[in-house]
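The sequence and the model are shown first, and the description follows.

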Amino acid sequence: MKTNILFTLLALLLPLSVVAENYPYRSDVLWVTVPNHADWNYKTGEKATVEVQFYKYGIPQDGVTVNYELGGDMMPADAQGSVVLKNGKATVTVGTMKQPGFRDCRLSVTLDGKTYKHHIKLGFSPDKIQPYTQQPSDFKDFWDKNKAEAAKFPLKYTKELAEEYCTDKVDCYLVKLQLNSRGQAIYGYLFYPKDAKAGSCPVVLCPPGAGIKTIKEPLRHKYYAEQGCIRFEIEIHGMNPTLTDEQFKEISNAFNGRENGYLSNGLENRDNYYMKRVYLGCVRCIDLLTSLPEWDGKNVIVQGGSQGGALALITTGLDERVTACVANHPALSDMAGYKAGRAGGYPHFFRTEGMDTPDKLKTMAYYDVVNFARLIKVPTYITWGYNDDTCPPTTSYAVYNVLNCPKESLVTPINEHWTSADTEYGHLAWIKKHLK
């Protein structure tokens, strides 16, 4: 049996520069979980077990009780029990599933009055998962009409040099892009290769993850521009990213609480939903990028993670100019999946009372990633992890399995809601292989 080592989330979130330490996150404890299938995958009907190891100060803990709960992905526990570690190890019987999906083994140990938790999700025929969400009969007509209406507004934007993000290889500009006659806009940082020539550059749109926040670390993906791409890192709320973190925090607290968050704003009506402007705004970003004289006239890529991964897939489904798509653990995917008694997509609307109404369910279908994925015809690359409780693997598979286009995936079971620097750099490598 091959061994898969599952470190706790904090260990893997630290920068790579400190990974050389034996316990890089400086915790006293370490969990190791080893499924009896090395790839964490089973066929429906197959029985799964997980060997659990628990160490404190690097010493296997003998005689310690590990409590566990078992349940479906994002579902309440349907079984529980405990095992006692012998030589630091014990085996938990996870069982099986009759229908395609994921089973979550949630672990806890209490030592000296402190409780340590961990979990591991196992897939059962995940390649057979299909979305609960169905495509409305007028889905394409609805979006075609809205795109046509939005296109009537002329392309207008301002562009000023952002010297603080320029390097010897990259030029950066702060852009304010007008979306409509109501004065709504989005901001973004536009990165060029230094001295880019006319007709020489692929363009890459990068929508953001969820939240009302500034564009963090704009130079984090500078290697796109360093290797010849024009990259547009955007926000979606029309807020200047040069505002301070404190100002963003105050605005987010005022307008983005659970009861009135932007992702639920107007959800009872498909024409008034907040994300309508966002989706159409991403198309307007493609208008901007393809208007640049430095664009190579061929390659238009959209890339993002979480909410940004959702918007990457949505923009690709909406806009035939897009030639390739890269998405990490996409949010907004099979959002009504909870109606099928299994995990639904972020933002997990059904956790809030009053969201499960016919009107809101109807609107969700017009904005769900799976319905845009059904329209995609260009090469698409998606990455996701199994232990993700923000954008659960059930929903990533629901998207991937409906794609009817050239597609590739990188499935990293150990990952929660994060990607490594190597995985993110791999996105550019994949894009470069798919340039025309």
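## The sheet

Two strands are taken to pair if DSSP finds at least two bridges between them. In this predicted model, nine strands form an open sheet with mixed pairing, in the order 10-11-12-14-13-15-16-17-18. Its edge strands, strand 10 (157-161) and strand 18 (407-411), each pair on one side only. Direction ignored, neighbouring strands of this sheet are turned by 20 degrees against each other on average.

Strand 16 (residues 324-328) and strand 17 run parallel and are joined by four bridges. Within this pairing, V326 has Y381 of strand 17 as its bridge partner.

## Helices on the sheet

Helix 5 packs on the sheet and touches strand 10, strand 11 (170-178), strand 12 (185-193), strand 13 (201-206), strand 14 (230-234) and strand 15 (295-305). The direction of helix 5 makes about 165 degrees with that of strand 13. Helix 6 (residues 307-318) also packs on the sheet, where it touches strand 13, strand 15, strand 16 and strand 17. The direction of helix 6 makes about 140 degrees with that of strand 15.

## Nonpolar cores

The largest nonpolar core has 100 residues, and M275 and Y279 touch the most other members. Helix 5 (residues 274-291) gives the most to this core, with eleven residues. Leaving aside neighbours within four places in sequence, M275 is in contact with Y262, L263, Q307, L311, L332 and Y367. Another core, of eleven residues, lies apart from the largest one; among its members are V204, C229, Y381 and L428.

## Aromatic rings

The count of aromatic pairs comes to 26. One of them is the tilted pair of F102 and Y397, with 5.8 Å centre to centre and 35 degrees between the planes. F102 belongs to strand 8 (residues 101-111) and Y397 to helix 9 (residues 393-402), so this pair ties together parts that are 295 residues apart in sequence. Both F102 and Y397 are buried.

Y397 also forms a tilted pair with Y386, at 6.4 Å centre to centre and with 50 degrees between the planes. Y386 lies in the loop between strand 17 (380-384) and helix 9, so its pair with Y397 of helix 9 ties together parts that are eleven residues apart in sequence. Y386, like Y397, is buried. Elsewhere, F139, F142, W143, Y273, Y279, Y366, Y367 and F372 form one aromatic cluster.

## Charges over rings

The charged end of K159 sits over the ring of Y173, 4.7 Å from the ring centre. R231 lies over the face of Y224, at 4.1 Å from the centre of that ring.

Notes: Residues numbered from 1 in each chain as written. Predicted model: local features only at pLDDT ≥ 70, side-chain atom pairs only at ≥ 80, totals over all residues. Heavy atoms only, no water. Phe/Tyr/Trp six-rings, centres within 6.5 Å; stacked < 30°, edge-to-face > 60°. Helix = DSSP H or I, 4+ residues; strand = E, 2+ residues; numbered from the N terminus. Buried < 20%, exposed > 50% of the residue type's maximum accessible area, 1.4 Å probe, protein only. Lys NZ or Arg CZ within 6 Å of the ring centre and 35° of its normal. Core = buried A, V, L, I, M, F, W, Y, C linked by side-chain atoms within 4.5 Å. Contact = heavy atoms within 4.5 Å. Axes fitted to C-alpha atoms, helices over the stretch in contact; angles between N-to-C directions.
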